[in-house]
Amino acid sequence: MVKNVVFLVHGMGKFFSAGEAEQRPWHDPAIEVLDAAWKSFPALAGLEREALIEYVPITYDQIFREYLSGMADAAEKLHRYMPQPEMADVIEVLEQVGQEQRPFFWENIMDVLDYRYGAERFRYVHAHIAHVIAEKVQSAWSKPGRHNTAFSVISHSLGTAAVHGALNRLGGSNLGSSAAFRLGGAFRVRSYVTLANVSRVLWYGERDIYHGSIVRPFTPSLGRGYVDQFINVRHIADPIVAPQPFAPGDWGNAYQAIALQHVRQINVHDLTHYLQHPRVSGAIFRSVLGGDAFLTAAEIDDAAKAFPDVDSPDPAKRAQIERMVAALAKTLHDTYGSGQPLLWSLPKLIALLIRDLITQREALRPLLGGL
Amino acid sequence: MRARCSLFLLLAWSLPVHAQSPCTWRNVVRGEFEQTCPLPTAAELLDADSASALALKPADEPSQARVVAALRSLAGKARAEGPWGAAFADRVDQLLQHLNPSQCDKTWELAFSELRAPITPLDTCQCAFEVASDGDPSHACFRFAQPGGAALPACELPRLRVVDLADWPQAARAYVLLDQARAALLALNASCRATAIQRLKSAHQRWHTLATRGYVQYPWELWFSRAISDDYGNYSRCFASDPKCSGEEGLDPETLRPIFLHPGVGLGFPGFGKHDAKVSAQGRLVIMVEAIGLNIYARDFKEYLGASLGVGFQDANFARPRLGAFVHLSRYLQVGYLLGVVSETAGNGTLYLSVDILGWTNRSLGLTEPPAP
């Protein structure tokens, strides 16, 4: 019916947009995985994806790099804004991480802590993301025949908190005396997809996030929301989402939860790893495009049945990896509870989660060799 | 026999290769209009002037007044289509009566005109298209009788109005009228969107300029800033207070930014005190700390002026501090005056010049600033 715009928002780590660095833009592999998934569904394979979905990546990592440029040592970077007790917590956990893994540790923890503790930088992040979204909306709607273009969001990890804040800013109140993007107006998000949602951990509202945010679907008790459909995905062995998992209980049919347990790479938290599973890509396409007319629930089920959790011809190896994933999930649940109040300071918690992600990667590495 | 074959071939050649497929709800959702589900043009449904105005072609320069008039005409046509049209026309009339296209501070509730591919579970209702969304009073599912006489499934979803139409041509008229209205209403509201976008752009530019051209603040300065700032410099307080960092609240960085225990290095030129023998052109290393001060930024954050009080240590002699006052004249240039207060340096005056070492280092080492937004 209409072309859809899907914003992609990355998580923690180093992310460069096209042309910014020699590295491949972060969104290229994600879009490749989505396009491969598109072609894997027989119902969609004959349709031109570009005619129906336009992916618009939003990069905000440069905001952290702007402030930290020139500081070579990561610990020194952290010293620039972390209170001393919390800094000590992070260093304590760091000492449990092997030397070879420390770059991965710093690469991932810096963004999260900078977002939370870097004074007002989170406001810059929100303003940036909101600006990109608003400009794209205007651009799309001004083109002939695209006035019914719908907008969706796929966010990952730290990006779930960042874009949540951005949408809150965009839709919560007037901007420049204009209510054009305010909740109740012309703009809303059709499909809001969160992969490894950490927005609850980074939420400090008086009310809980399910009831205090406009970034939710309509419910009879809460009224209008900024989102039509909310799809939340978590991997059971992903440490990053273990504490305080996102789980609204009263959002009705407009909220869909997907739990994954597949393994295709050592970093189960990775964006592309989440997108690889047909339950995720299928849910995205079905929600964005228009339900059964494009892709039925049964077709997604068929694709999921053909996608083993572990892709190995060796049944013994498959079983071994599946047992490990289950064991990792249990350990995470035992360690971090299920929705209980946090026992640690946030910096320590983030440090522990990244340490656990590293530990998990190293545990999976020998098993996935050759797969 | 030969004549029959020729006649057969003639007929086969003249018939279309594929008979036109009947239009189904799936075709509409998939945007397969053209031959399968033909749509009338606006010119076929409306008077020529209204159709022209709603085409929104810049060359035709449709004024807002013309577009508004065309919308009223469109609403009149919709009213004739049945109950759905009457409700739709009422919303259009209400909107146009109470809102001025130049009035941006009120929400234009345009959901009633939005045509959508059905969101689950509306697809189980075989909706050809959905209008508005759950929670909006105009939320509706438009359906039309499917080929083969198959009955449409029951569709009783809460808050949803189901509009069952006799055939595709009726549904197509509804589609075009809603589509035209949507395009026009969005066009009327475009300047309001542009206002919001410009506001976001200017905020974004301010943050970027502060980050790349502002006076660097060390962690304890940021802590000090948070301690004395309003709610929005502080992450947790931002969430706790209404309206929760939305809209304008905390959108821009603060223009008053404290200086607190800020270390620096510069050159001192002695001889400017009342007890000094003569002015010296030989610069001496000075390590200084600005104890307390304030930078005041221009609204665009491209320039700032600041002043502070602090202490300097000429030749890194920490036994003989010199009290000082400093003025920031730009990101890189700082001037000050240091007065000795201890033993033989008492009364000696030093003119102080400094640069923002960190920022200077970044540029001289070619550490590129990220591109402007």
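**Exercise 1.** Work out why the disulfide of B:Cys127 and B:Cys141 is left-handed.

*Solution.* Start with the bond itself: in this predicted model, the sulfur atoms of B:Cys127 and B:Cys141 lie 2.1 Å apart, and a disulfide is a pair of cysteine sulfur atoms within 2.5 Å. Next, take the torsion about the S-S bond, which is about -110 degrees, so the disulfide is left-handed.

A note on conventions: residues are numbered from 1 along each chain as its sequence is written, and chains are lettered from A in the order in which they are written. Local features need pLDDT of at least 70, side-chain atom pairs count only at pLDDT 80 or more, totals for chains, interfaces and linings use all residues, and side-chain values use heavy atoms, with hydrogens and water left out.

**Exercise 2.** Find the handedness of the link of B:Cys125 and B:Cys155.

*Solution.* First, check the distance: the two sulfur atoms are 2.0 Å apart. Then read the angle about the S-S bond: at 75 degrees, this link is right-handed.

**Exercise 3.** Which residues meet in a salt bridge with an N to O distance of 3.4 Å?

*Solution.* Recall the rule: a side-chain nitrogen of Lys or Arg lies within 4 Å of a carboxyl oxygen of Asp or Glu. Now apply it: the side chains are those of A:Arg123 and B:Glu254. Across the interface of chain B and chain A, the rule finds 5 salt bridges.
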